[in-house]
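User: I would like to learn how to read the features of a structural model. Could we take them one at a time, with the general idea before the case?

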Amino acid sequence: MSDQAQNLTVTAKEFEALKKAFALIVLLCLALQLLNRWDTLDSLGYRDLLRMASSAVFAATILSLAFYKWCWRWGPIPGWIGRPAIRGIWIGP
């Protein structure tokens, strides 16, 4: 066994779930923007739609980074995702 600490990694199944969550956040952000512009929906051009899609991806990226950096350690979230809230470096047997 190596004396170096191993990082916690995600499984392929967990990575798929993260990708699906990211896509869902993008779609929700895009839907919120479209609902916000509901009254002018018929006059939206492709540039407006691209701008909305770009800002939806940006918002999803910021939320994902916040989750990666802080949120996965707070409250009941570690239990929901099936990971313990580990702080610091832990070396197993």
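Predicted model: local features only at pLDDT ≥ 70, side-chain atom pairs only at ≥ 80, totals over all residues.

User: Which residues does Ile25 touch, not counting residues up to four places away in sequence?

Analyst: A contact is read from heavy atoms within 4.5 Å. With residues up to four places away in sequence set aside, Ile25 touches Ala60 and Leu63. A C-alpha separation gives a further view: Ile25 and Ser64 are 39 residues apart along the chain, and their C-alpha atoms are separated by 9.1 Å.

User: At what angle do helices α1 and α2 pack, and how far apart are their axes?

Analyst: The general idea is to compare the directions of two fitted axes, each running from N to C. Helix α1 covers residues 12-36 and helix α2 covers residues 46-69; they pack at about 135°, with axes 8 Å apart. Angles over 145 degrees count as roughly antiparallel, and those from 65 to 115 as roughly perpendicular. The pair α1 and α2 is therefore oblique. As to handedness, the crossing of α1 past α2 is right-handed.

User: Which residues of α1 meet α2?

Analyst: On the α1 side they are Phe22, Ile25, Val26, Cys29, Leu30, Gln33 and Leu34. Their counterparts in α2 include Leu49, Met52, Ala53, Ala56, Ala60, Leu63 and Ser64. Sorted by class, this contact has 14 nonpolar residues, four polar residues and no charged residues.

User: What pattern does the protein follow along the sequence, and what share of its residues counts as buried?

Analyst: For the whole protein, one reads the elements and then the totals. The protein has three helices and zero strands, in the order α-α-α along the sequence. Of its 93 residues, 8% count as buried. The protein exposes about 8,000 Å², of which carbon and sulfur atoms supply 68%. Among contacts with a separation of 6 or more, 47% are between residues 24 or more positions apart.

Terms used
Residues numbered from 1 in each chain as written. Heavy atoms only, no water. Axes fitted to C-alpha atoms, helices over the stretch in contact; angles between N-to-C directions. Helix = DSSP H or I, 4+ residues; strand = E, 2+ residues; numbered from the N terminus. Parallel < 35°, antiparallel > 145°, perpendicular 65-115°, else oblique. Left-handed = near helix turned anticlockwise from the far one by under 90°. Nonpolar A, V, L, I, M, F, W, Y, C, P; charged D, E, K, R; others polar. Buried < 20%, exposed > 50% of the residue type's maximum accessible area, 1.4 Å probe, protein only. Areas by Shrake-Rupley, 256 points an atom, 1.4 Å probe, with all protein chains shown as cover.
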